[in-house]
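Biologist: I would like to learn how to read a model of this kind, feature by feature. Could you take me through one?

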Amino acid sequence: MKKNKIAVLNYHEVQSSKQYIAASPEERSYALRSDVFENQMAALTLMGFRCGTLSDLQKKDAGGRMFLLTFDDGCLSHYEHVRPILEDRGFRGVFFVSAGLIGSGRCMTASQLRGMVKAGFEIGSHGYDHVPLTTLSDQDLRREIFDSRRKLEDVTGAPVRSFSIPRGFYHPRVRHCVVSSGYGFLFTSHFGLHELGGDPYYIRRMAVKSTTSSPDFESWVHGRAYARQFMEELKELARRGLGFKTYQDWAHLKAQLRMRFTAAPQ
Ligand SMILES: [Zn+2]
């Protein structure tokens, strides 16, 4: 890992084995079992990594191996399962919450959010209603970005400094609104390492899912994720309709690249 790069890990639901087994295949795709999560935290300690904070992102040098933990969707499981695991290790984390969903379904309640702040964790905004932001009117965009911040600060009594884009749709308009709403950090779902001291309004993350293998996890935090990052960047280009006429063109290119990277000597 180069000194000036940091792995910003992104988690969603972290469920008990019982909940995980009962979940639908769709729910499981982003969920992780809490024992797997705990093993990953233990592995980070064993590999000599230190858990960073938002302020560390602004430094040019990590001063050793470092990672940052982020959690999207304000899940109840973050309070029930993640909090005690992180507290045991003295790890920190940023928890992104959709302001309009507090206390609904399997989301944390207002008093649980206050409990998270009291325990030293940071709350960030994940919009108001967890909707894609790119097609919204200016007024609706302001509600998602500005009003969500105000509501979360009212609920927790703590400053909300960071925003994570719901469903990952990054756009310059979103960035502009995040900056003008007073946030200091914008987290995307674009895969890759973040450069310390780099653009705080375009922070790449690596989403850890149930399909993430232990060797993948290890290579990501060590900064050996270039092939995957390259693939994700191509995917992003395809999504924006640049360079590919049809989705089939993209699928064909992806298959060829995968063969090349799989066959490449280590
Ligand atoms: Zn989300």
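Modeller: What follows is a walk through this predicted model, from the whole chain to single residues.

Biologist: Let us begin with the overall inventory: how many helices and strands does the secondary structure of the chain come to?

Modeller: The chain contains ten helices and eleven strands. Of its 266 residues, 33% are buried, and, among contacts with a separation of 6 or more, 64% join residues 24 or more positions apart.

Biologist: Which residues touch the most other members of the largest nonpolar core?

Modeller: That core has 55 residues, and those touching the most other members are Ile6, Ala7, Leu9, Phe67, Phe95 and Val97. Taking Ile6 as a case, and leaving aside neighbours within four places in sequence, its contacts are Gly52, Ala62, Met66, Phe67, Leu68, Leu193, His194 and Leu196.

Biologist: How should I read the packing of two helices, for instance H3 against H4?

Modeller: One reads the distance between the axes together with the angle at which they cross. Helix H3, residues 34-46, and helix H4, residues 76-89, have axes that come within 10 Å and cross at roughly 20°. Because angles under 35 degrees count as roughly parallel, H3 is described as roughly parallel to H4. The crossing of H3 past H4 is right-handed. On the H3 side the contact is made by Ser34, Phe37, Glu38, Met41 and Thr45, and on the H4 side by His81, Ile85 and Arg89; these residues divide into three nonpolar, three polar and two charged.

Biologist: And at what angle do helix H6 and helix H7 pack?

Modeller: Helix H6, residues 138-156, packs on helix H7, residues 172-180, at about 50°, the axes being 9 Å apart, and that angle makes H6 oblique to H7. H6 also passes H7 in a right-handed crossing. Leu141, Arg142 and Ile145 of H6 meet Arg173, Cys177 and Val178 of H7, a contact made up of four nonpolar, no polar and two charged residues.

Biologist: How many other C-beta atoms lie within 10 Å of Gly120?

Modeller: Gly120 is in the loop between helix H5 (110-118) and strand E7 (122-125), and it is partly exposed because 13 other C-beta atoms lie within 10 Å. Its C-alpha atom is 9.9 Å from that of Val94, which is 26 residues away along the chain.

Biologist: Finally, what should I look for in the backbone angles?

Modeller: Asp73, which is not a glycine, has a positive phi of about 90°; it sits in the loop between strand E5 (66-72) and H4 and counts as buried, with 23 C-beta neighbours inside 10 Å. His130, again not a glycine, has a positive phi of about 55°. The place of His130 is the loop between E7 and H6, and with 19 other C-beta atoms within 10 Å it is partly exposed.

Notes. Residues are numbered from 1 along each chain as its sequence is written. This is a predicted model: local features need pLDDT of at least 70, side-chain atom pairs count only at pLDDT 80 or more; totals for chains, interfaces and linings use all residues. Helices (H or I, at least four residues) and strands (E, at least two) are DSSP runs, numbered from the N terminus. A residue is buried if 20 or more other C-beta atoms lie within 10 Å of its own, exposed if 12 or fewer, and partly exposed in between; C-beta atoms are placed from the backbone. Two residues are in contact if their C-beta atoms, placed from the backbone, lie within 7 Å. A nonpolar core is a set of buried Ala, Val, Leu, Ile, Met, Phe, Trp, Tyr and Cys residues joined through C-beta atoms within 7 Å. Axes are lines fitted to C-alpha atoms, for helices over the stretch in contact, and angles run from 0 to 180 degrees between N-to-C directions. Angles under 35 degrees count as roughly parallel, over 145 as roughly antiparallel, 65 to 115 as roughly perpendicular and the rest as oblique. A crossing is left-handed if the near helix is turned anticlockwise from the far one by less than a right angle, and right-handed if clockwise. Ala, Val, Leu, Ile, Met, Phe, Trp, Tyr, Cys and Pro count as nonpolar, Asp, Glu, Lys and Arg as charged, and the others, Gly among them, as polar.
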